[in-house]
Amino acid sequence: MKIAISAQQNSLTSPLDPRFGRAQGFIIYDTELNTHQWLDNQNMDLAQSAGIQTAQMVVQAGAQAVITGQVGPKARAALEQGSIRIVSTGAATVQQAIEEFVGGGAPAPTQGQDMPQTGPGTGRGMGQGGGMGSGMGRGMGRGMGGGRCGQGRGSGGMGPGGGQGRGRNR
């Protein structure tokens, strides 16, 4: 499996670059051959669409997973369209991120990454990722995006949020 890890330099000991679209570059690590190569991010200085262009570059490099700090909603959509697994990490170095991923200690999936969220609620809410929803009774939905926490009015509550969420009432 090939993994693209956002990095500040061409080295396994390099600090992980927490940005995806504007990362200096990517270490493309092959878990089967234990080899790596550097992929320079020529999109990092684009005025707009850096995340989308970088996602397309990573897909073309043959990566099946991306390990980074944060991915914006448009880049996330482009990666998901390319069937790329997205893993958010707080690892200090590229090597540490690889060890967590390969060793089975991979960080939890990023927020809003197709994880079902259920719970009672009434009222309206808006997630940081830009999604809006409303409903009465017991709702179930899936969220995609960078939402952190949403708070509903009335008898709603706080919980994991996500932009671009879909919901249905029961």
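Helices (H or I, at least four residues) and strands (E, at least two) are DSSP runs, numbered from the N terminus. The model is a predicted one, in which local features need pLDDT of at least 70 and side-chain atom pairs count only at pLDDT 80 or more, while totals for chains, interfaces and linings use all residues. Residues are numbered from 1 along each chain as its sequence is written, and side-chain values use heavy atoms, with hydrogens and water left out.

Within helix H2, which spans residues 73-81, the buried residues are Ala 75, Arg 76, Ala 78 and Leu 79. They lie on the same side of H2 because they cover an arc of only 165° around the axis, an arc being taken from the directions that lead from the helix axis to the C-beta atoms. On the face of H2 turned away from this buried side sit the exposed residues Lys 74 and Gln 81. After H2 comes Ser 83, which has a positive phi, near 60°.

## Helix H1

Helix H1 has its own set of buried residues, namely Ala 50, Gly 51, Thr 54, Ala 55, Met 57 and Val 58. Because these cover an arc of only 160° around the axis, they fall on the same side of H1. The buried residues of H1 pack against S1, S2, S3, S4 and H2, contact meaning heavy atoms within 4.5 Å. Following H1 is Gly 62, whose phi is positive and near 90°.

## The sheet

Five strands form an open sheet in the order S3-S2-S1-S4-S5, and their pairing is mixed, where two strands pair if DSSP finds at least two bridges between them. Strand S3 (35-40) and S5 are the edge strands, each of which pairs on one side only. From one strand to the next, the twist averages 25°; axes are lines fitted to C-alpha atoms, for helices over the stretch in contact, and angles between N-to-C directions run from 0 to 180 degrees.

Strand S1 (residues 2-7) pairs with S4 in the parallel sense over three bridges, and Ile 5 has Ile 67 in S4 as its bridge partner. H1 packs on the sheet, where H1 touches S1, S2, S3 and S4, and the direction of H1 makes about 25° with that of S2. Helix H3 (residues 94-102) lies across S1, S2, S4 and S5 and runs at about 145° to S1.

## The nonpolar cores

A nonpolar core is a set of buried Ala, Val, Leu, Ile, Met, Phe, Trp, Tyr and Cys residues joined through side-chain atoms within 4.5 Å. The largest has 18 residues, of which Ala 4, Phe 20, Phe 26, Val 58, Val 66 and Leu 79 touch the most other members. Strand S2 (25-30), H1 and H2 each supply at least two residues of this core. A second, separate core of 15 residues includes Ile 3, Tyr 29, Ile 67 and Ile 98.

## Thr 68 and the whole chain

Thr 68 belongs to strand S4 and counts as buried because its relative accessibility is 1%. Apart from neighbours within four places in sequence, the contacts of Thr 68 include Ser 6, Phe 20 and Val 87.

Over the chain, the secondary structure comes to three helices and twelve strands, and buried residues make up 36% of the 170 residues.

Terms used
Buried means under 20% relative accessible area, exposed over 50%, partly exposed in between (1.4 Å probe, protein chains only).
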